[in-house]
Amino acid sequence: MTQHVNLGGIALPAVGQGTWFMGEQPAEQQREIAALQAGLDAGLTLIDTAEMYAEGGAEKVVGMALKGRRDRAFLVSKFYPWHASATEAIDACERSLKRLQTDYLDLYLLHWRGNVPLEETLLAMQTLQQQGKIGRWGVSNFDVEDLHELWQEAGGDACATNQVLYHLASRGIEYDLLPECQQRSLPIMAYCPLAQAGKLRHQLLTHPLLQEIAQQKGISVAQLLLAWVIRKEGVMAIPKASSTAHVKENALAMQVTLSSEELALINQAFPPPNGKQPLDMV
């Protein structure tokens, strides 16, 4: 059964589509557009991008992919912390909307914490909502202390999500951040749910235990890793939509259920945190 996460009153599929590293190679553009469109067709309606990705290049790719399909997508973008002031966040949003060829974002996120007071950023978000340019707003890379500060600001409790790094080899949020967000019904959006490309991802995808469990279930290790990330209430994953084959595979991960025995074996190989850890970021 396909899993959903409630984000600000909207039921969204627990797996979405990420766009980090898209828009960097013109030769890849058509393949990237096709992957995003295939993801939409497979039910992966949330598409996450940012002004940082290829300095707006990824947003342009998303805009092309959504031509004639904008109403089918839940569109998320993020802005730099140095664009977080009351006026600059509004300007940054306008630029993103132009690149995305749309007049509204479903969700707009502060990419990470900077030096601008949260009160100013909140004012910008409220203004953008009043103008109809964003439906909801949220944050990214916020640890527990950051969220506590945010919630103390007037209107801070309207935050719709916290997007953080979370995968099997990076479980620090399970100690305090995830339980607190679950308690407040604040969804977690997990970026790099398969770990960032490189040595760590390779180690996960080739891990003997994970390969064995995946083989027994008739799924790929990538699907197993995604199913593991979204196993908890209120957690969604946004793997990069790298090809049409991958997005279809990602969508099927929502139908995978891990047994308590399988989860226990995974916990032995990748133990959960037993104390507070610094928030992991890439």
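The model is predicted: local features need pLDDT of at least 70, side-chain atom pairs count only at pLDDT 80 or more, and totals for chains, interfaces and linings use all residues. Residues are numbered from 1 along each chain as its sequence is written, and side-chain values use heavy atoms, with hydrogens and water left out.

**Exercise 1. Determine how many residues of helix α2 are buried, and what they pack against.**

Step 1. Apply the cut-off. Buried means under 20% relative accessible area, exposed over 50%, and partly exposed in between (1.4 Å probe, protein chains only).

Step 2. Count. α2 spans residues 57–65, and seven of its nine residues are buried. They are Gly57, Ala58, Glu59, Val61, Val62, Gly63 and Ala65.

Step 3. Find the partners, with contact meaning heavy atoms within 4.5 Å. The buried residues of α2 pack against α1 (29–41), β4 (46–48), β5 (74–79) and α3 (88–100).

**Exercise 2. Describe the surroundings of His83.**

Step 1. His83 lies in the loop between β5 and α3. His83 has a relative accessible area of 14%, so it counts as buried.

Step 2. List the neighbours. Leaving out residues up to four places away in sequence, His83 touches Glu51, Glu88, Ala89, Ala92 and Arg95.

Step 3. Look for a polar contact (a pair of N or O atoms within 3.5 Å; within protein, one must be able to donate a hydrogen and the other to accept it, and residues adjacent in sequence count only if both atoms are side-chain atoms). The side chains of His83 and Glu51 make one, at 2.8 Å.

**Exercise 3. Characterise the largest pocket and the largest cavity.**

Step 1. Set the rules. On a 1 Å grid over the protein atoms alone, a cavity is a set of points where a 1.4 Å probe fits but cannot get out; a pocket is an open set with protein on both sides within 12 Å along at least five of seven lines; lining residues have an atom within 4 Å of a point. Grid points are joined across faces, edges and corners, and a volume is the space filled by probe spheres set on the points.

Step 2. Take the pocket. The largest pocket has a volume of about 550 Å³. Its lining has 32 residues, with Trp20, Cys192, Arg201, Pro239 and Lys240 nearest the centre. α10 gives the largest share, three residues.

Step 3. Take the cavity. The count is one cavity of 30 Å³ or more. The largest cavity holds about 60 Å³ of space. Among its lining residues are Leu118, Met125, Trp137 and Gly138. The largest share, four residues, comes from α4.

Notes:
Helix = DSSP H or I, 4+ residues; strand = E, 2+ residues; numbered from the N terminus.
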